[in-house]
Amino acid sequence: MAADYQMKLAPQTLDNADAKAKPLLEKANAKLGFVPKMYEGMAKAPEVLDTYLHGYELFRQDSGFAPPEQEVILLTISRLNGCKYCMAAHSMLGEKMSQVPADVLEALRNDQPIPDERLAALSAFTRVMFETRGMPTQRDVDAFLAAGFEEQHVLQIILALAVKTLSNYSNHINHPDLDEAFAGHVWNG
């Protein structure tokens, strides 16, 4: 289901950003070499972009998940939320940066069985956390831990859910065009 509402507020760009948004966009530009259109939309409420960037950085640096595992989590959430922008972005990151195996990436994009037992368990538990609104059963957690994860990882998945909710929902109402960097990974659900 596609959102038919689109915010009328103009995106905050490096050229027109207010005093709160501009430093966030400048930092993103310095780090990435461009400002993703998603960030320009989120910067309409700089607190949203700031919270997203902070949480995303903490998840990337301190979650205890390896980069391919991080992408599995972020792609699982983005697919469940139906976010075309984030599916394309994380597909590119998964392929080019995080080294997600091609067959795993394809399975995630197409909601098919993941051919790696540990990554399949990670995606399945992320889905449980999404679908139960953070109320897994003991059996769910036991299966997750049996796949080699630690109890602390449950909280890190909650962080990923919070961060992706900010970006996925913002994208639903902002409808950002896909950046050229992600264009080779279009996802249509």
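This is a predicted model: local features need pLDDT of at least 70, side-chain atom pairs count only at pLDDT 80 or more; totals for chains, interfaces and linings use all residues.
Let me begin with the pocket. Rolling a probe the size of a water molecule over the atoms shows where empty space is left. In this structure, the largest pocket holds about 750 Å³ of space, and 31 residues line it, with K31, L32, Y39, Y56 and L93 lying nearest its centre. If we sort that lining by class, we find 19 nonpolar residues, 5 polar ones and 7 charged ones.

Which helix gives the most to this lining? It is α3, with 8 residues, although α1 (21–32), α2 (37–42), α4 (67–80) and α5 (84–96), like α3 (46–62), each supply at least two residues.

Next comes the annotation, where an unreviewed UniProt entry places the feature "domain: Carboxymuconolactone decarboxylase-like" at residues 47–116. In the model, that span is 74% helix and 0% strand, and its end C-alpha atoms lie 38 Å apart.

Finally, I would like you to look at helix α7, residues 117–131, and helix α9, residues 152–174, which pack at an angle of about 65° with their axes 10 Å apart. Their crossing is right-handed, and the contact is made by L122, F125, T126, M129 and F130 on the α7 side, together with V154, I157, I158 and L161 on the α9 side. By class, this contact has 8 nonpolar residues, 1 polar residue and no charged residues.

Key:
Residues are numbered from 1 along each chain as its sequence is written. Side-chain values use heavy atoms; hydrogens and water are left out. On a 1 Å grid over the protein atoms alone, a cavity is a set of points where a 1.4 Å probe fits but cannot get out, and a pocket is an open set with protein on both sides within 12 Å along at least five of seven lines; lining residues have an atom within 4 Å of a point. Grid points are joined across faces, edges and corners, and a volume is the space filled by probe spheres set on the points. Helices (H or I, at least four residues) and strands (E, at least two) are DSSP runs, numbered from the N terminus. Ala, Val, Leu, Ile, Met, Phe, Trp, Tyr, Cys and Pro count as nonpolar, Asp, Glu, Lys and Arg as charged, and the others, Gly among them, as polar. UniProt positions are given in the numbering used here, feature names are shortened, and annotations may be inferred rather than shown by experiment. Axes are lines fitted to C-alpha atoms, for helices over the stretch in contact, and angles run from 0 to 180 degrees between N-to-C directions. A crossing is left-handed if the near helix is turned anticlockwise from the far one by less than a right angle, and right-handed if clockwise. Contact means heavy atoms within 4.5 Å.
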